[in-house]
Amino acid sequence: MQGNVLIAGLGLIGGSIALAIKRAHPEAWIIGYDVANEQLRLARSLGVIDEIASSLAEAAETADLIVLAAPVVQTEKLLCELESVPLKEHVIVTDVGSTKERIVAKARPLLEKGVAFIGGHPMAGSHKSGVAAARAHLFENAFYILTPTEHVSPETVSSLKRWLEGTKAHFVTLTPKEHDRIVGVISHFPHIIAASLVHQAQQYEREDELVSRLAAGGFRDITRIASSNPEMWRDIFIHNKEELLQLFDRWLAEMEKIRAYVAAGDSEQIYRYFQEAKQFRDGLPVRTKGAIPSFYDLYVDVPDYPGVISEITGYLAKERISITNIRIIETREDIYGVLRLSFQTEEDRQRAKRCIETHTNYETHVG
Ligand SMILES: NC(=O)C1=CN([C@@H]2O[C@H](COP(=O)(O)OP(=O)(O)OC[C@H]3O[C@@H](n4cnc5c(N)ncnc54)[C@H](O)[C@@H]3O)[C@@H](O)[C@H]2O)C=CC1
Ligand SMILES: O=C(O)C(=O)Cc1ccc(O)cc1
């Protein structure tokens, strides 16, 4: 697609969206705006943007697509600023913020003026920030939530999806409220748990400095997201307050329940608690990442020891099952990794599944 794209907020997500748009639409002209000049200069020198905006208003006037990619409280301010800008008649405005209700509410004056605003949230990222960490493939195979209102036509939503097709994400439509409830559970609240575990370790560290030295393994993994950008997470907690307060209450009740089992030494209930959690966790779909398409992929939970790949490829070779790609895609816990094996046909995938299940006790999943 041709046209001017303005990205306001050129960090990890804004930069990755810019790269993904350029990948699918090399003829698009990408203009960057940010309050941080060094991010803009870096974005320009890395080729993430074609031009640095002299001001938000000036760049917005010429844009066919505007992507707001600042922390969510700043996104509200940007939406207010856009209200007084004479935008192009067919411009599409979207955002990438982790919350949706407050942002979509803030976009109402624009919507009522006939500007097509569509809330968006690519459900992938990392604990890193800044444009230097931006990647075109960041959102591949991830869900990309859109929260269009009744003001916006289905054709305009399709047009936004076409602009964003280089993300290779899967678009899902939700209401802003549904979005904030679900994302509160699976993304926002886990961040507070990770941060609270780190605070707890820090307090124990004051009593015994061995704590942080011994925290090097599993503790680092389960608290990785506590290294995320504090400004971004502060804003998310300001925005999604109501859902998060409910989650705090339910979490405290959950802790009381498991605490009581532990206090009573109730081994049956403690076992069941872990077993039910394992069952649900093991049944969660695995998300694939990276540039390789996910057709006929088989995922194998494998112990993390040298030689495990040759063990598996050996069994498959004996049965003459050809693999088109093999990759460790994720280290799940301390000792397990997920191996992704790609096949050319569904038949090969099913044969491989049976073969691995016959020769090993590793768990396999098809998606
Ligand atoms: N980091 C992640 O994994 C994900 C983040 N998000 C959302 O994406 C948005 C951006 O997050 P990141 O790219 O991770 O943050 P980041 O810190 O890498 O980049 C944010 C950029 O916005 C700029 N900025 C701040 N206020 C601004 C303003 N008023 N006008 C213009 N630019 C402004 C900052 O200078 C910075 O360059 C946030 O709303 C966040 O909730 C969504 C999905 C994943
Ligand atoms: O680093 C991680 O695993 C994340 O959780 C990334 C992330 C952060 C914020 C979002 O709204 C969506 C994804």
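## The whole chain

Among contacts in the protein between residues at least 6 apart in sequence, 73% join residues at least 24 apart, two residues being in contact if their C-beta atoms, placed from the backbone, lie within 7 Å. This is a predicted model, in which local features need pLDDT of at least 70 and side-chain atom pairs count only at pLDDT 80 or more, while totals for chains, interfaces and linings use all residues. Residues are numbered from 1 along each chain as its sequence is written, and chains are lettered from A and ligands numbered from 1 in the order in which they are written.

With everything displayed, the C-alpha trace spans about 65 × 55 × 40 Å along its principal axes. The protein has 15 helices and twelve strands, where helices (H or I, at least four residues) and strands (E, at least two) are DSSP runs numbered from the N terminus. Of the 367 residues, 34% are buried; a residue is called buried if 20 or more other C-beta atoms lie within 10 Å of its own, exposed if 12 or fewer, and partly exposed in between, with C-beta atoms placed from the backbone.

Now colour by domain: domain 1 covers 4–174, domain 2 covers 179–282 and domain 3 covers 297–365, with bounds that come from an automatic or database domain assignment. Between the C-alpha centres of domain 1 and domain 3 there are 38 Å.

## Helix H1

Select residues 12–24, which form helix H1. The end C-alpha atoms of H1 are 19 Å apart, which agrees with the 18 Å that its 13 residues should span at 1.5 Å a residue, the expected span being 1.5 Å times one less than the number of residues. Because eleven of the 13 residues are buried, H1 is largely enclosed by the rest of the structure. Those buried residues pack against several elements, including strand E1 (4–8), strand E2 (29–33) and helix H2 (37–45).

Which residues come nearest to ligand 1? Of the 32 residues around ligand 1, they are Gly9, Gly11, Ser98, Gly125 and Ser129, where a residue counts as near if its C-beta atom, placed from the backbone, lies within 6 Å of the molecule. The shell around ligand 1 draws at least three residues from each of domain 1 and domain 2, and by class it has 16 nonpolar, 14 polar and two charged residues. In this grouping Ala, Val, Leu, Ile, Met, Phe, Trp, Tyr, Cys and Pro count as nonpolar, Asp, Glu, Lys and Arg as charged, and the others, Gly among them, as polar.

In H4 the buried residues are Val72, Thr75, Glu76, Leu78, Leu79 and Leu82. They cover an arc of only 165 degrees around the axis, which puts them on the same side of H4; the arc is that of the directions from the helix axis to the C-beta atoms.

## Ligand 2 and a last stop

Move to ligand 2, which is surrounded by Ser98, Met123, Ala124, Gly125, Ser126, His127, Ser187 and Ile225. Its shell has three nonpolar, five polar and no charged residues.

Finally, select Leu111, which lies in helix H6 (residues 108–112). Leu111 is partly exposed, with 17 other C-beta atoms within 10 Å. Apart from its neighbours within four places in sequence, Leu111 is in contact with Phe117, Thr149 and His151.
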